[in-house]
Amino acid sequence: MPFGQLVFGHPGSGKTTYCAGLAEYLTGIGRKVAVVNLDPANDALPYEAQIDVRSLIDHKVAMEEEALGPNGAFLFCLEYLQTNRDWLGDAMQKTGSELGGGGWTYFLFDCPGQVELYTNHDAFRDLVTWMQKDAHIKLCGVHLVDSLYCRSGPHFISAVLMSLTSMLQLELPHINVLTKIDLLKNYELDFGLDFYTEVQDLSHLLHHMKSDDAVPKRFHRMNDALAQLVEDYPHVAFLTLDIDSQDAVQELMTEVDKANGYSFQTFQHKRDTASNLAATASSALQSDYVERFTAQEGNRDLQ
């Protein structure tokens, strides 16, 4: 059974850089990795895409032929992909065979940056459901958020809401990640980093926002309501990532492998392999014992 990550997030969150860096890391530790570009407008890939949605539908072509704007073209491309999902299934099967990974191929899906695709549009959710049920791939959603959002209370609350909404919409094992954490050291935060990664009591953040002249007073009640909504559904927490840090990547992969079941399946595979080897070894020992016993009995008869 193949495994994979659905990598999504707002524009500039580092999705493509993440996929490029992670593909290099996973290849280095011996996994058969295939990167799938699901962004029909991304024509500057820093990695080799084994599967590229632009060979099926191109964002620019959709805009011209369907007379659509940028966002409308993204929705059209996604719906077109969902309708022609067998193309993706065949490409995944072919790629797995070419890589020699078989059921152990690890797919990284690099998704577009339009957040409405994951928060309130059914086509993407339907595609994800199909991948799990019909393509039989074990997926984990990895939602990337630029860590610089922690510098602003309203931005951070909006990021938490995006995370919560996508978790509920996609219905996947889900991990939220604050990216570019190495750049955050150049800025002063209102609270310690743990406050943001654990999404602690947001009332402290609201109090700070109300004393900030940059936040208009007419938004105070709305911010209170949004923060209360987040606290009513306390499912959001963040890991941190510097994609250039091998330790950080390894720590993240440990959590992702637990979420999509890769680590447990690997353990079962190793245990089955060990059992087969033990059975084979036991059988060989028994055969050797029988041969030696027969030879000894034969020698006794001759005497």
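Where does H136 lie? H136 lies in the loop between α6 and β5 (138–146), helices (H or I, at least four residues) and strands (E, at least two) being DSSP runs numbered from the N terminus. The model is predicted, so that local features need pLDDT of at least 70 and side-chain atom pairs count only at pLDDT 80 or more, while totals for chains, interfaces and linings use all residues. Residues are numbered from 1 along each chain as its sequence is written, and side-chain values use heavy atoms, with hydrogens and water left out.

**Overall architecture**

- The protein chain contains 12 helices and seven strands.
- Of its 303 residues, 43% count as buried; buried means under 20% relative accessible area, exposed means over 50%, and partly exposed lies in between (1.4 Å probe, protein chains only).
- The protein chain exposes about 16,200 Å², of which carbon and sulfur atoms supply 50%; accessible areas come from the Shrake-Rupley method with a 1.4 Å probe, and for residues only the protein chains shown count as cover.
- Among contacts in the protein chain with a separation of 6 or more, 73% join residues 24 or more positions apart, a contact being heavy atoms within 4.5 Å.

**Salt bridges**

- A search of the whole structure finds six salt bridges, each defined as a side-chain nitrogen of Lys or Arg within 4 Å of a carboxyl oxygen of Asp or Glu.
- One of them joins the side chains of R31 and D257, at 2.6 Å from N to O. Since R31 lies in the loop between α1 and β2 and D257 in helix α11 (residues 246–260), this pair ties together parts that are 226 residues apart in sequence.
- D257 is buried because its relative accessible area is 7%.
- Another salt bridge links K210 with D224, whose closest N and O atoms are 3.1 Å apart. K210 belongs to helix α9 (residues 203–210) and D224 to helix α10 (residues 220–232), so the pair ties together parts that are 14 residues apart in sequence.
- K210 is partly exposed, with a relative accessible area of 43%, and D224 also counts as partly exposed, at 28% relative accessibility.
- A further salt bridge is formed by the side chains of R125 and D122, at 3.2 Å from N to O. Both residues lie in helix α6 (residues 122–133), three residues apart, about one turn of the helix.
- R125 is partly exposed, with a relative accessible area of 27%, and D122 is partly exposed, with a value of 41%.

- R31 is located in the loop between α1 (15–28) and β2 (33–37).
- R31 counts as buried because its relative accessibility is 15%.
- Apart from neighbours within four places in sequence, R31 is in contact with L26, Y106, M253, D257 and Y262.
- R31 and Y106 are 75 residues apart in sequence, yet their C-alpha atoms are 7.0 Å apart in space.

- N37 is part of strand β2.
- At 0% relative accessibility, N37 counts as buried.
- Not counting residues up to four places away in sequence, N37 touches N42, L45, Y47, A49, I51, D52, V53, R54 and D110.

- H136 is not a glycine, although its phi is positive, at about 55°.
- H136 is partly exposed, with a relative accessible area of 46%.
- K180 also has a positive phi in a residue other than glycine, near 55°.
- K180 is placed in the loop between β6 and α8 and counts as partly exposed, at 28% relative accessibility.

**Negative surface patch**

- E188, D190, D212 and D213 form a negative surface patch. Patches are made of residues with over 30% relative accessible area and no salt bridge, like charges being joined within 9 Å and nonpolar side chains (Val, Leu, Ile, Met, Phe, Trp, Tyr) within 5 Å.
- Lys and Arg count as positive and Asp and Glu as negative, whereas His and the chain ends are not counted; the place of a charge is taken as NZ of Lys, CZ of Arg, CG of Asp or CD of Glu.
- D190 lies in the loop between β6 (174–179) and α8 (193–197).
- D190 counts as partly exposed because its relative accessibility is 36%.
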